[in-house]
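Look at the structure below. The paragraphs that follow go from one residue to the chains and their contact.

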Amino acid sequence: MMRTALLIFRLALMERAAYRVNFMLQICGGILSILIVVFLWLAVYRSSGRSELGGYTLPEMITYLLGAGLINSFLLTTAENPETSQAIQDGSLSNLLVQPFSPYGLWLFRDLAGKAFLGAIGLAGYTVLAVLLNEKLVLALEPFRLALFGAALAAAVLLQFLVFQSLSLLAFWVENTYGFRFTMRVIMEVAGGAIIPLSFFPAWVQKVFALLPFTYFVYFPMRIYLNKIEPDEILSGLIRAAAWTAGLAGLNAVLWKRGLRRYTAMGD
Amino acid sequence: MKRHLRLFMLLCKIGLMRQMAYRPHFFLMVFGKVVRMALLLLFFQAVFLKIDRLGQWTFDQVLLLFATFHLVDYVMSITFQRNLSFHLPALIQSGNLDSRLTLPVQPLFMASLEHIDMMDFISFLPCLGLLGYALYRLDVAFTWLHALMYGLLIVNALVFLFAVVLIIATTSFWTTQSAGLARVFDDLTRVGRYPLDIFEGFWKFFFIYVLPLALISQVPSQALLGALSPGFLLYAVACSGLLAVIAIRFWRTGLNNYSSTSS
């Protein structure tokens, strides 16, 4: 079982590595977008004449933006991945169903491989940016905090897969799921804190965002990294992220089971 | 000209029919695009909760800039952007460009407008509402001359973007892979959402004179606000015109260099 999973992971990595130039350009685009936002915030701090805005100093804000950019652009990319809905729509799911491993596991490990690949290349690109912005960054070096950050990031990766996988599974019922995934991605970016820390929004908006799982995608891990969260809040946050993961895994299981009952494929 | 206009209307109709084939998807995408614009506005509002001005720009002026950027961006994505950035390289790669070249229309016309994005056309309508709202909030007495210059500079921005997108797409004739570069340029155009006051020194110079992304929304907005000098107006028009000439020549060279790869 583990060997099959590792093999799927490796094959998916090789497949992605075949299109290196496109990925490098994708990363360049991502870094450029972040640089533009960094310039924007430098100007905002300059215009305000203050050293702290929304509870963030300038180095904290730039660190947040870089971290959020890295997480958002490279790790949380399942939204763009049409693999599951495509397999359901074009009938290639039939082939997967007769294989000696679960299609669900296949999609999960392929997704993880994609994120690992983009994450590794992205990290290299962002390291260059970090060196350039060295004096304006906050470096967290305490192993315990980094471990908690890693745990929150792992929860984010899994949660994000489950959110978008549940939308992809709607392909059992509707003809095209891209609209759902696109809208969710748009909401995810803002409500997850990928564009701006959520503390910048008016209080009522923050309350609405707190009800959604997206806050665990970027805002929660980055607050841990920047040490802007109390230890008890980290614990309750991790528990809530785990509860969301369990809930969404349950939803996925139900959709998968009911969807398979409806599924028919024709072909030669 | 009349024939091309008729053909354009037909392409719009085909685009609408194709995209409306999945109606829930169509409306959901429109909804998603409108939500995206609303959330970006919320982002600007959140920023302006902390400051009064961004450089020299007030919130209402930034709103005008934002609406202008999206106006230009939507017209581009409805018409030529995806056609040139993604469909053309695919046609060249597959050799299917042959069938387009044998049609009795200008090859550049078909390459730029074959797929009209009616989804973006519907999403574009709220953008016009936003522009109206920004103008209402600005509370400035606009002269007809300012409005005319604004319109002219919007067209100028589209000419500039068309030229850059065409130059990038034309490289496909040699590399068959220009989509990645087109995406990078797409990311870079987002500079147009913000006032150039966010940049200082070299970068400000770069976005005005080297890669003049200032032409997308900053220059038209400044013209409407009556803050554009005649010299800069001339520079903007000359810059786009020159780039368009270069782009079309490059396209012709690329087309002459094209050799089909289909079977």
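Which residues does B:M37 touch, not counting residues up to four places away in sequence? They are B:H70, B:P126 and B:C127, where two residues are in contact if their C-beta atoms, placed from the backbone, lie within 7 Å. This is a predicted model, in which local features need pLDDT of at least 70, side-chain atom pairs count only at pLDDT 80 or more, and totals for chains, interfaces and linings use all residues. Residues are numbered from 1 along each chain as its sequence is written, while chains are lettered from A and ligands numbered from 1 in the order in which they are written.

B:M37 belongs to helix α2 of chain B; helices (H or I, at least four residues) and strands (E, at least two) are DSSP runs, numbered from the N terminus. B:M37 is partly exposed because 18 other C-beta atoms lie within 10 Å; a residue is buried with 20 or more such atoms, exposed with 12 or fewer, and partly exposed in between. The C-alpha atoms of B:M37 and B:S123 are 9.5 Å apart, although 86 residues separate them along the chain.

Next comes the contact between the chains. It takes 32 residues from chain B and 32 residues from chain A. On the side of chain B that touches chain A, α2 (23-48), β1 (53-54) and α10 (179-188) of chain B each supply at least two residues. The most come from α2(B), with twelve residues.
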